[in-house]
Amino acid sequence: MSDAVPADLKRLVRRRARRRCEYCLLPEGLGFITFHIEHCISQKHDGPTVAENLALACPACNAFKGTDVAGLDPQEQAPVPLFNPRLHAWEEHFRQDDFLIVGLTAVGRVTARLLRMNDPDRILDRFDADRNDA
Ligand SMILES: [Zn+2]
């Protein structure tokens, strides 16, 4: 988006996230891909560029999320807000089952599906990250 995030705010967001994607938990720093500073509530929906509305996101999560703030839960057929790392605790909405990310709540299910967290190449990324960690 047009509003640039100031460098000190970028540093704060990276440090706070411990250099992991705040959606799929992929660690930054593998390969040459720089993670994005993402607006939890997008600027399209008047989300401000402040620490309380920013998150670190891998390029895939950021791209699939886009400017969306909600999705349709297939189980409830109702709109559900997307996971917001500034408002929600990851462990309450997701669990990791080996390298699969399982949504535990409507918020978790909708976010995992919309952000395509379990596409085969994404599962492989998490597998590779885990092996690099060891
Ligand atoms: Zn991610």
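Helices and strands here are DSSP runs, numbered from the N terminus. By that numbering, Leu25 lies in the loop between H1 and E1. The model is predicted. It holds a zinc ion whose protein donors are Cys21, Cys24, Cys58 and Cys61, and a search of the whole structure finds 7 salt bridges. The points below take up the metal site, the salt bridges, and a few loop residues.

**Zinc site**

- Each of the donor residues Cys21, Cys24, Cys58 and Cys61 contributes its SG atom, at 2.2 to 2.4 Å from the zinc ion.
- The angles among the 4 donor atoms run from 104 to 117 degrees, and the site is tetrahedral. Four donors count as tetrahedral if all angles lie between 85 and 135 degrees, so the range of 104 to 117 degrees meets the criterion.
- For reference, the ideal angle for four tetrahedral donors is 109.5 degrees.
- Along the sequence, the donor residues follow the spacing C-x2-C-x33-C-x2-C.
- Cys21 has 0% relative accessibility and counts as buried. Cys58 is also buried, with a relative accessible area of 4%, and Cys61 is buried as well.
- The count of disulfides comes to 0. The rule behind that count asks for a pair of cysteine sulfur atoms within 2.5 Å.

**Salt bridge between Glu28 and Arg19**

- Glu28 pairs with Arg19 in a salt bridge, with 3.5 Å between the closest N and O atoms.
- Glu28 counts as buried because its relative accessibility is 11%, under the 20% limit.
- Arg19 is partly exposed, at a relative accessible area of 45%.
- A network of salt bridges links Arg14, Arg19 and Glu28.

**Salt bridge between Arg86 and Glu22**

- The closest N and O atoms of Arg86 and Glu22 are 2.7 Å apart, and the two residues form a salt bridge.
- This pair links distant parts of the chain, 64 residues apart: Arg86 sits in the loop between strand E4 (78-81) and helix H3 (90-93), and Glu22 in the loop between helix H1 (7-16) and E1.
- Arg86 is partly exposed, at 24% relative accessibility, whereas Glu22 is buried, with a relative accessible area of 12%.

**Salt bridge between Lys65 and Glu38**

- Lys65 and Glu38 form a salt bridge in which the closest N and O atoms are 2.4 Å apart.
- Here too the pair links distant parts of the chain: Lys65 belongs to helix H2 (residues 59-65) and Glu38 to strand E1, 27 residues apart.
- Lys65 counts as buried, at 2% relative accessibility. Glu38 counts as buried at 2% relative accessibility.

**His45**

- His45 lies in the loop between strand E1 (36-39) and strand E2 (54-57).
- With a relative accessible area of 39%, His45 is partly exposed.
- Leaving aside residues up to four places away in sequence, His45 touches Thr67 and Val69.
- From His45 to Ala78 the C-alpha to C-alpha distance is 20 Å, and the two are 33 residues apart in sequence.

**Residues with positive phi**

- Most residues other than glycine have a negative phi.
- Leu25 is a residue other than glycine with a positive phi, near 70 degrees. Leu25 is partly exposed, with a relative accessible area of 25%.
- Gln77 also has a positive phi, near 50 degrees, and is a residue other than glycine. Gln77 lies in the loop between strand E3 (70-73) and E4.
- Gln77 is exposed because its relative accessible area is 60%, over the 50% limit.

**Asp98**

- Asp98 is located in the loop between strand E5 (94-97) and strand E6 (100-103).
- Asp98 is exposed, with a relative accessible area of 64%.
- Asp98 and Leu25 are 73 residues apart along the chain, and their C-alpha atoms are separated by 13 Å.

Conventions: Residues numbered from 1 in each chain as written. Predicted model: local features only at pLDDT ≥ 70, side-chain atom pairs only at ≥ 80, totals over all residues. Heavy atoms only, no water. Donors = N, O, S within 2.8 Å, 3.2 Å for Na, K, Ca; no water. Tetrahedral: all angles 85-135°; square planar, octahedral: opposite > 155°, others 65-115°. Buried < 20%, exposed > 50% of the residue type's maximum accessible area, 1.4 Å probe, protein only. Helix = DSSP H or I, 4+ residues; strand = E, 2+ residues; numbered from the N terminus. Contact = heavy atoms within 4.5 Å. Salt bridge = Lys/Arg side-chain N within 4 Å of Asp/Glu carboxyl O.
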